[in-house]
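Thank you all for coming. I would like to walk through one structure this morning, going region by region, and I will give the cut-offs behind each term as it comes up.

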Amino acid sequence: MSELFEPLDGYDRRLLGVPDGTPDELVAFNVAGVLTAADIHVATTVGRLGGESSPEVLLAVALTVRAVRFGSVGLDLATVADSLEGALSVDQRGTLPWPDPDRWRSVVAASPLLRAGVVHLDTELLHLDRYHALEVQVCDDLLVRLDAEVPAPDETLLQAGAHRVFPGEGYAEQRAAAAAAVRQPTTVLTGGPGTGKTTTVAGLLVLLREQAERRGEELRVGLAAPTAKAAARLREAIEEAADQLPVADRDRVRGLEATTLHRLLGFRPDNATRFRHHRGNRLPHDVVLVDETSMMSLTMTARLLEAVRPDARLILVGDPDQLASVEAGVVLGDLVAGLAEHPHTPVVGLRTVHRYGEGIGALARALRAGDADEVLGVLRAGAPGVTFAETDDPVPALREACTSAALRMHAAAEAGDAPGALAVLEQHRLLCAHRDGPAGVRHWNALVEQWLAEATGHHGRSGIGRPLLVTANDYALGVLNGDAGVVVATPDGPRAFFTGGDAFAPARLGDVDTMYAMTIHKAQGSQAAEVSVLLPPEDSLLLTRELFYTAVTRAREHVRVVGTEAAVRAAVERRVQRASGLRRRLQVS
Ligand SMILES: Nc1ncnc2c1ncn2[C@@H]1O[C@H](COP(=O)(O)OP(=O)(O)OP(=O)(O)O)[C@@H](O)[C@H]1O
């Protein structure tokens, strides 16, 4: 998503829908591609209903509506001009009629819209009522949970269990984290990739189940993640982690199902943001554990917190340095920063990396620290697991890796070897920041298709060997947004095979893309052995530290970064800017 829109032509609906009589100030922001007609429409309607006609206030409301579209929960009147001017083209800079920040704040503070509760001005941000209410609710529910009493564990049993499940010095960090989570009602378990979060979760579930057994109770466990793909991965990862546990403990975690947050909370076809479980009809589980919570929006967090029983344990797991949710909020980051100093802080961090060779781990660390020189140093050092193709011409750097993976997939698919073709999907992945343009997924999918055609001599479009990415849930077929598959030759004709064994005639699949390349956003929550990251030019506004970090950490064994020094520096230095009041609200409460 780019910060601004460029009107397609004079008939673009983002321009034409601006209501008659709109103040010139707002029209100027519309023509510059900052405010869409829809943003302005909401602001002028709210103004008309609430008795407000000041252009400055209407501008603030329209920019707040816009901010939510870009993932912020509210609008910072003091900084919005600076941050948006940076997104404008050079000839547009300095031409927009920004109000003076101090005057703006006082005009907004005196607005009848505030008195009417349509908007709120606190924690330095202007909030629409809906997001203000969500933020206050999340803060209140969390703070109540932090002070809640849970049955004290049997400490002797806990100590013995923790040393059995997490033996020796090598597991000390995880042992302490799991023991803390058994003692407290709410835990936020954070750590980068390979820091042993899943191992900790599996061991923690063993400890909780053992405690429940001692009390003669059943333990109902609900496992969830924000996306179907992440939920499937959580289930698999816990099964794998179970294999490492002492034999007698394995059955305590085996066979657990994981689901999406939407399904856990009880999806309602009549309402996209309300669920069957809520404050008046709580979830039945004694333990609710949510993975990949960096992707959890403010709205889902509010719905989750109101649905979990006050006496149930809530465990939120994630990596706060990754990209945040597609929808508004930066909840995990806010929880970590906002609750770090709380006397009953639920935040437990894992820092030791257990999986990676030094290369990827060092790169991830340098990125987290935001040290561009260090990032470049690691990239150029040629450490095992890291390759840097320092170039502004990515084709030679990527052609070999992409073509060889595509050829292997094609050969397996032609031979009818579905598991072999699917395995190639897990071996190499090309990640792009953009969908469109020369550094975008569409362009690179087409390029790889062309290279494959040149290499095989098959210019026909049989589709055999085409990797697929499902882009929308199809509950009838049982394929979910983010599922990956390959078209394989079978005696009955081409069939699209997915991990898990499902196979369909390709024509039955509705929303699918080719997946030689995929966006970094789509790749969040999945990994491959080797990942090639194509950095866009340094002036791309999508290029941020969070995006780069998320891309690099998708690699299990080898990451290849393709781009210029300027692009690497821009990526490290540009942060995702999301205004949110939750962090501050938690700090001052
Ligand atoms: N204390 C430890 N000592 C040695 N190896 C460990 C330890 N903890 C975990 N591992 C191993 O390190 C690898 C990564 O662990 P795990 O999958 O639990 O990490 P993770 O944080 O969940 O990773 P990701 O988020 O990337 O899935 C696994 O192979 C696991 O068996």
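**A walk through the predicted model**

Let me begin with an open sheet of 5 strands, whose order is β16-β15-β14-β13-β17 and whose pairing is antiparallel. Its edge strands are β16 (503-504) and β17 (512-514), each of which pairs on one side only. Two strands pair here if DSSP finds at least two bridges between them, and the helices (H or I, at least four residues) and strands (E, at least two) are DSSP runs, numbered from the N terminus.

Before I go further, a word on what we are looking at: this is a predicted model, in which local features need pLDDT of at least 70 and side-chain atom pairs count only at pLDDT 80 or more, while totals for chains, interfaces and linings use all residues. Residues are numbered from 1 along each chain as its sequence is written, and side-chain values use heavy atoms, with hydrogens and water left out.

Coming back to the sheet, strand β13 (residues 467-470) runs antiparallel to β17 and is joined to it by 3 bridges, and V470 stands opposite V512 in β17. Helix α20 (residues 418-427) lies across β13, β14 (484-490) and β15 (493-498), and runs at about 150° to β14; for such angles, the axes are lines fitted to C-alpha atoms, for helices over the stretch in contact, and the angles run from 0 to 180 degrees between N-to-C directions.

Next, strand β9 (residues 313-318), where 6 of the 6 residues are buried, so the strand is largely enclosed by the rest of the structure. Buried means under 20% relative accessible area, with exposed over 50% and partly exposed in between (1.4 Å probe, protein chains only). In a regular strand the side chains alternate between the two faces of the sheet. In β9, R313, I315 and V317 point one way, and L314, L316 and G318 point the other way.

Turning to a helix, A372, V375, L376, V378 and L379 of α18 (residues 372-380) are buried. Why are these residues on the same side of α18? Because they cover an arc of only 160° around the axis, the arc being that of the directions from the helix axis to the C-beta atoms. They pack against α17 (358-369), β11 (386-390), α23 (545-552), β20 (555-563) and α24 (565-573), where contact means heavy atoms within 4.5 Å.

Now the aromatic rings, of which the structure holds 5 pairs. Rings of Phe, Tyr and Trp (its six-membered ring) pair if their centres lie within 6.5 Å, and planes under 30 degrees apart count as stacked, over 60 as edge-to-face and the rest as tilted. F29 and W98 form an edge-to-face pair, at 4.8 Å centre to centre and 80° between the planes. F29 is in helix α2 (residues 24-31) and W98 in the loop between α5 (80-85) and α6 (101-109), 69 residues apart. F29 is buried at 0% relative accessibility, and W98 is buried with a relative accessible area of 18%. Ring pairs link F29, W98 and W104 into a cluster.
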